[in-house]
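Hi,

Here is the structure I promised to pass on.

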Amino acid sequence: GQGQGSGSARLEPSLLRFLVCPLSKRPLRYEEATNELINEELGIAYPIIDGIPNMIPEAARTTRKKPPAEGSKQP
């Protein structure tokens, strides 16, 4: 494998505009520090493995704490 730079494991910026969350169908934010794609709305992050976003919901991790079960339901 020639031409594999040190940045080969990072997301290609041009891909970002085409990527949407499979759950909400909305654009994702690339978080460079953690090398993840963040869905702020749902509070989940998809990992990027070898430059390829792992876009299956099972692979996503929760980025924020879930609200407590009590009193969280809106009328």
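Below is what turned up, starting with the overall layout and ending with the salt bridges.

First, some ground rules. This is a predicted model, so local features need pLDDT of at least 70 and side-chain atom pairs count only at pLDDT 80 or more, while totals for chains, interfaces and linings use all residues. Residues are numbered from 1 along each chain as its sequence is written, and side-chain values use heavy atoms, with hydrogens and water left out.

**Layout**

The chain has five strands and zero helices; helices (H or I, at least four residues) and strands (E, at least two) are DSSP runs, numbered from the N terminus. Going along the sequence, you get β-β-β-β-β. Of the 75 residues, 23% are buried. Here buried means under 20% relative accessible area, exposed means over 50%, and partly exposed is in between (1.4 Å probe, protein chains only).

**The core**

The largest nonpolar core holds nine residues: Leu11, Leu19, Cys21, Leu28, Leu37, Ile44, Tyr46, Ile48 and Met55. Strand β3 (residues 44-49) gives the largest share of this core, with three residues. A nonpolar core is a set of buried Ala, Val, Leu, Ile, Met, Phe, Trp, Tyr and Cys residues joined through side-chain atoms within 4.5 Å.

Setting aside neighbours within four places in sequence, methionine 55 is in contact (heavy atoms within 4.5 Å) with Val20, Pro22, Leu28, Leu37 and Tyr46.

**Salt bridges**

A salt bridge is a side-chain nitrogen of Lys or Arg within 4 Å of a carboxyl oxygen of Asp or Glu. By that rule there are five salt bridges.

One of them joins arginine 10 and glutamate 32, at 2.2 Å from N to O. Arginine 10 sits in the segment before β1 (29-31) and glutamate 32 in the loop between β1 and β2 (36-39), so the pair ties together parts that are 22 residues apart in sequence. Arginine 10 is partly exposed at 43% relative accessibility, and glutamate 32 is exposed at 53%.

Another pairs arginine 26 with glutamate 41, with the closest N and O atoms 3.3 Å apart. That links the segment before β1 to the loop between β2 and β3, 15 residues apart.

Glutamate 40 and arginine 29 also meet in a salt bridge (2.8 Å, N to O). Glutamate 40 is in the loop between β2 and β3 and arginine 29 is in strand β1, so this pair ties together parts 11 residues apart in sequence. Arg29, Glu31 and Glu40 are linked in a network of salt bridges.

Cheers
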